[in-house]
Amino acid sequence: LSDRLSGILSGLTRRGALTEDDVNAALREVRRALLEADVALEVVRSFTDKVRERAVGAEVLKSVTPGQQVIKIVNDVLIDTLGGEGEGITFDAVPPVPILMVGLQGSGKTTSTAKIARRLTDRDKKKVLMASLDTRRPAAMEQLAILGKQVGVETLPIVAGQSAVQIARRAVEAGKLGGYDVVMLDTAGRVTLDEALMAEVAEVKAATNPHEVLLVADALTGQDAVNTARAFDGRVGLTGIVLTRMDGDGRGGAALSMRAVTGKPIKLVGTGEKTDALEDFHPSRVANRILGMGDIVGLVEKAAATVDADKAQALAQRLAKGNFDLGDLRTQLQQMEKMGGLGGLMGMLPGMAQMKSQIANAKMDDKVIARQIAIINSMTAAERKNPDLLKNSRKKRIAAGSGTSPEAINKLLKMHRQMADMMKQMARQKGGMLGKLGSM
Ligand code: GDP
Ligand code: MG
């Protein structure tokens with residue numbers, strides 16, 4: 001894949017906005033990469049639509065090709081779709097907190113139960129009880145008991161002849177009596193999805209009211225894992241997914257598909273047979289595994305940082321001369337918008353803390369910033385350079401153009417005046433920070 005993607009990436013370096021052709025060319029390869037990583041077709045489609053929407057018209061950074069820029073956007077959308085980091089198991093419930101493990105046979109339920117129990121015991125200092133509800137395979141209960149001994153976690157004593165629901169009830173009861181924090185319920189699986197399995201799991205769920213219902217799914221099974229996730233979520237309702245065999249040679253496409261189809265977070269990842277082979281889910285790592293484009297993502301991030309630094313320096317030089325027009329203000333506002341609020345270039349200029357707090361006082365949320373940018377966009381270049389030109393008739397025109405009011409424009413002009421005054425003052429302080437910056 002990387003070779004093919006590199007092909008489209010070696011296009012000439014060009015500045016400006018991404019065209020539909022740029023985006024489509026890159027997306028053709030991305031589509032192939034996703035399918036190769038075993039991402040479900042429906043997910044590939046909605047995913048590439050999302051990327052196209054975000055990419056067409058986006059600015060191409062200096063020193064980066066359009067193809068590389070698209071890859072960065074693909075990577076960002078991938079991480080968004082995979083969900084945030086750190087959505088681990090939650091315990092905000094009255095102990096003993098029941099955790100129900102469900103999934104097909106061989107997906108790694110019993111192993112994952114022991115792994116999670118070990119982590120909760122060792123790292124989170126929880127008192128954990130494990131119980132096997134697998135009444136079908138005689139060896140299954142024994143398997144969990146052995147794992148329990150290995151990791152130093154107690155298991156519910158085995159009583160012959162009980163149904164899964166009876167065992168589950170007994171486990172919760174024992175959890176209460178024994179002062180346990182968590183009771184982990186490891187259910188039986190089937191080779192394929194079937195109604196009897198679903199009914200049993202649903203019954204156990206109703207009897208124990210688990211705080212987490214975790215689907216354990218094998219990352220190497222691709223499309224099957226997606227169907228399993230959809231079926232379990234529809235029938236019993238999931239709170240999260242544990243993705244096993246991420247140590248295998250799969251590309252991690254199942255992670256994307258399951259998250260996209262069920263909307264449920266991937267909470268943990270199994271990376272081996274040993275009981276310590278359990279990791280938190282890191283969307284950026286999985287994105288890199290699916291795309292295999294970590295280098296390019298890093299490159300584009302570096303280019304973006306360089307552009308920001310360039311802009312900061314150019315601005316500092318203008319400020320040092322006492323120039324701060326509405327165009328500069330717009331650059332500032334855009335930067336703030338990009339950084340998701342306050343900060344941005346301001347943060348990169350020393351001595352700007354004062355101004356930042358002033359802006360913060362003015363309650364500059366994202367909407368306000370967008371409106372102010374719209375106002376400046378509706379001005380002519382001459383007006384941006386020389387705000388004194390802005391008499392009433394011009395203000396009316398700008399208000400109409402930006403969908404705001406003359407009052408909003410006055411407010412913006414006042415803020416600009418204050419900022420410009422402050423900057424002039426700072427520039428005048430000989431040898432002050434701005435002066436130094438300007439001569440850099
Ligand atoms: P269950 O039927 O769902 O309870 O599955 P098991 O927990 O018994 O696991 C089936 C097999 O998969 C065992 O041999 C495990 O050692 C293995 N296994 C489970 N999780 C992982 C994993 O994350 N990576 C690898 N390589 N093997 C795993
Ligand atoms: Mg099992």
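In this predicted model, Leu215 has Ile241 of strand S8 as its bridge partner. The two strands concerned, S7 (residues 212-218) and S8 (residues 240-244), pair in the parallel sense over five bridges. Helix H10 (residues 253-262) packs on the sheet here, where H10 touches S7, S8 and strand S9 (266-270). The direction of H10 makes about 165° with that of S8.

These strands belong to an open sheet of eight strands with mixed pairing, in the order S5-S4-S6-S3-S7-S8-S9-S10. Strand S5 (154-155) and strand S10 (278-280) stand at the edges; each has a single partner strand, so one side of each is left without a neighbour in the sheet. Another helix, H8 (residues 195-208), lies across strand S3 (97-102), strand S6 (182-186) and S7. Relative to S3, H8 runs at about 175°.

Leaving aside residues up to four places away in sequence, Ile241 touches Leu214, Leu215, Ala217, Ala229, Met258, Lys264, Ile266 and Lys267. Ile241 is among the residues with the most contacts inside the largest nonpolar core, together with Met184, Leu185 and Leu243. That core has 89 residues, and helix H4 (residues 66-82) gives the most to it, with seven residues. Because domain 1 (2-82) and domain 2 (97-291) both give residues to this core, it lies between them. A second, separate core consists of eleven residues, including Leu329, Met336, Ile398 and Ile409. In soluble globular proteins, nonpolar side chains tend to be buried together.

The chain as a whole is divided into domain 1 (2-82), domain 2 (97-291) and domain 3 (297-438). Between the C-alpha centres of domain 1 and domain 2 the distance is 35 Å. Contact between these two domains involves 14 residues of domain 1 and 20 residues of domain 2. On the side of domain 1 that touches domain 2, the elements giving two or more residues are H2 and H4. The largest share of that side, six residues, comes from H4.

The buried residues of H2 are Asp22, Val23, Ala26, Leu27, Glu29, Val30, Ala33 and Leu34. An α-helix has 3.6 residues a turn, so residues three or four places apart point the same way. Just after H2, Asp38 takes a positive phi of about 75°.

Within helix H2 lies Val23. Since 20 or more other C-beta atoms within 10 Å make a residue buried, Val23 is buried because it has 26. Apart from residues up to four places away in sequence, Val23 touches Leu18, Arg52, Ala55, Val56 and Val70. Val23 and Gly57 are 34 residues apart in sequence, and their C-alpha atoms are 9.4 Å apart in space.

With 16 C-beta neighbours inside 10 Å, Gly292 counts as partly exposed. Gly292 and Phe232 are 60 residues apart along the chain, and 31 Å separates their C-alpha atoms.

Conventions
Residues are numbered from 1 along each chain as its sequence is written. Chains are lettered from A and ligands numbered from 1 in the order in which they are written. This is a predicted model: local features need pLDDT of at least 70, side-chain atom pairs count only at pLDDT 80 or more; totals for chains, interfaces and linings use all residues. Two strands pair if DSSP finds at least two bridges between them. Helices (H or I, at least four residues) and strands (E, at least two) are DSSP runs, numbered from the N terminus. Two residues are in contact if their C-beta atoms, placed from the backbone, lie within 7 Å. Axes are lines fitted to C-alpha atoms, for helices over the stretch in contact, and angles run from 0 to 180 degrees between N-to-C directions. A nonpolar core is a set of buried Ala, Val, Leu, Ile, Met, Phe, Trp, Tyr and Cys residues joined through C-beta atoms within 7 Å. A residue is buried if 20 or more other C-beta atoms lie within 10 Å of its own, exposed if 12 or fewer, and partly exposed in between; C-beta atoms are placed from the backbone. Domain bounds come from an automatic or database domain assignment.
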